[in-house]
Amino acid sequence: MTGFPATLPVAGRAVVVAGGGPAAWPSILALRAAGAAVTVIAPEVSAAVGDLAERGLIRWRAGTPGPADLAGAWLVVAATGDPAADLAVAASAEDARLFCLPGSELVEAAAPSGAAPGGRVVLVGGGPGDPGLLTVAGLAALREADVIVTDRLAPLAALAEARPGTQVIDVSKIPRGATTPQDEINRLLVEHALAGRTVVRFKGGDNFVFGRGGEELEACATAGVPVRVIPGVTSSIAGPALAGIPVTHKRLNQGFTVVSGHVPPGDPRSMLDWPALARSGTDLVLLMAVATLPAITVALTAAGMPADTPAATVADAGLTGQRTVRGTVATIAGLIAAAGITSPAVTVIGAVAGFRADAPPTG
C-alpha cells in the first residue's frame, strides 16, 4: 500500500531502501538519524553507502528487491533514481502489504524541517592561513560549533577558540597523498546536522573558490539541512597581496582571471581554453598548479604569450614560512622546482607579477 501517516516513527524499526546511489543517499541519512535499522538492496552502491555498510551502520544486499526480500520490513523506500524501477519496488511492497514511500517524500516525512532542531551547517572560509585574517563572523561560528570538519589548509590555530568538547574531524586532502573523498565529507556534514548539531565546515581561503563548497551546499540542500555561508579571504587575491603583488594595477592591467591548475592542458578533464587565456589581455592567477606549472607555461608560450612575461609564485602565504619566487612565464616552473616549492602556492602570470613597490611603473 502507498501513502504514509503524518509522522514517521522509524526508530528501532526495519526499513528497506531500494537503491544505493545519489538518489537514495538523503533517505539513508534521514533514516539513520531517526534511528531506523536500514537495509539497502541494490545491485551496487556508491562509495559513501558502501562505507556505511563496511562500518556496520547499515546492511547492504546486492540485487533488486522483490516481495520475498521485504519480509520483516516495516517500511520500504523506493529511491533507485529510475522511475520505472521505483514503480516496480512499490508494486513489490504492495504485494507484501507494506508502506512504500518515494525517497523524496521519506526525507520530508522523517524530518519536515530537514535537520533535527538546531541542526545546521556553516561553511566558513578561513582565509589564507594566518588566523588574524579569519573574519569575525567565521571566528564566532567556530566558537558556537558542536562539530568542526576541517582540513590542513584552514588556519588551525583558530581551533583553540572552539568550546571544550567540540568534536574536530580532520578531512584533509593531501596532493598525491592521503585524502578524504568528497562524498565522505558531504556525509559527515549532513549526518551530524541531521542529528541536531551545529556543524562548521572550516576551510582555507574561500569555500566557493575551488573549495568544493558548492558541492557541500548541494548535499546539504538535498538532505534538507539549513546552511549558512561565511565567505573567506580567497588565496587567489590574498596570496599575491601578502607578497606585495596587487592583482590589479591601473597602469598595468584591466583585470585578472583566476583558474585552477589541478589538471594540465591537454588533459581530457580540462575545461579551460589555454590558448584563449594566453591572449586574454588579463593577468592570470593559478591555484593548485605547482605540479602542472611546467605544462601550463609551455601551453601559454606556445599560444603566443611572450616568454619574458613576468611571473611569480607565492608559497605558504600568510604563514611564517611564506616564500616568493619571481621569474618569467618561461622560467618560473624551473625556478620553483629548484626552490623546492610545494603546495599550497599561488602563481601570478602577467604584468602585475613584476610589480615592486620600490620601483613603481611609470606612464
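Trainee: Is Leu217 buried, partly exposed or exposed, and how should I read its relative accessible area?

Mentor: Bear in mind that this is a predicted model. A residue counts as buried under 20% relative accessible area and as exposed over 50%, with partly exposed in between. Leu217 has a relative accessible area of 32%, so it is partly exposed.

Trainee: Which residues form a nonpolar patch on the surface with Leu217, and in which helix is Leu217 found?

Mentor: Phe208 and Val229 form the patch together with Leu217, and the three have about 230 Å² of accessible area together. Leu217 itself belongs to helix α7, which covers residues 213-222.

Trainee: What does helix α7 lie across?

Mentor: Helix α7 lies across strands β6, β9 and β10, and it runs at about 170° to β6.

Trainee: How do strands pair in a sheet, and what is the strand order here?

Mentor: In general, strands of a sheet pair through backbone hydrogen bonds, either parallel or antiparallel. Here the open sheet has 5 strands in the order β8-β7-β9-β6-β10, and the pairing is parallel. Strands β8 (167-170) and β10 (227-230) stand at the edges, because each has a single partner strand and one side of each is therefore left without a neighbour in the sheet. Ignoring direction, neighbouring strands of this sheet are turned by 20° against each other on average.

Trainee: How many bridges join β6 to β10, and which residue in β10 is the bridge partner of Val122?

Mentor: Strand β6, residues 120-125, is joined to β10 by 4 bridges, and the two run parallel; the bridge partner of Val122 in β10 is Arg228.

Methods:
Residues numbered from 1 in each chain as written. Predicted model: local features only at pLDDT ≥ 70, side-chain atom pairs only at ≥ 80, totals over all residues. Heavy atoms only, no water. Patch = residues over 30% accessible without salt bridge, like charges linked within 9 Å, V, L, I, M, F, W, Y side chains within 5 Å. Areas by Shrake-Rupley, 256 points an atom, 1.4 Å probe, with all protein chains shown as cover. Salt bridge = Lys/Arg side-chain N within 4 Å of Asp/Glu carboxyl O. Buried < 20%, exposed > 50% of the residue type's maximum accessible area, 1.4 Å probe, protein only. Pairing = 2+ DSSP bridges. Axes fitted to C-alpha atoms, helices over the stretch in contact; angles between N-to-C directions. Contact = heavy atoms within 4.5 Å.
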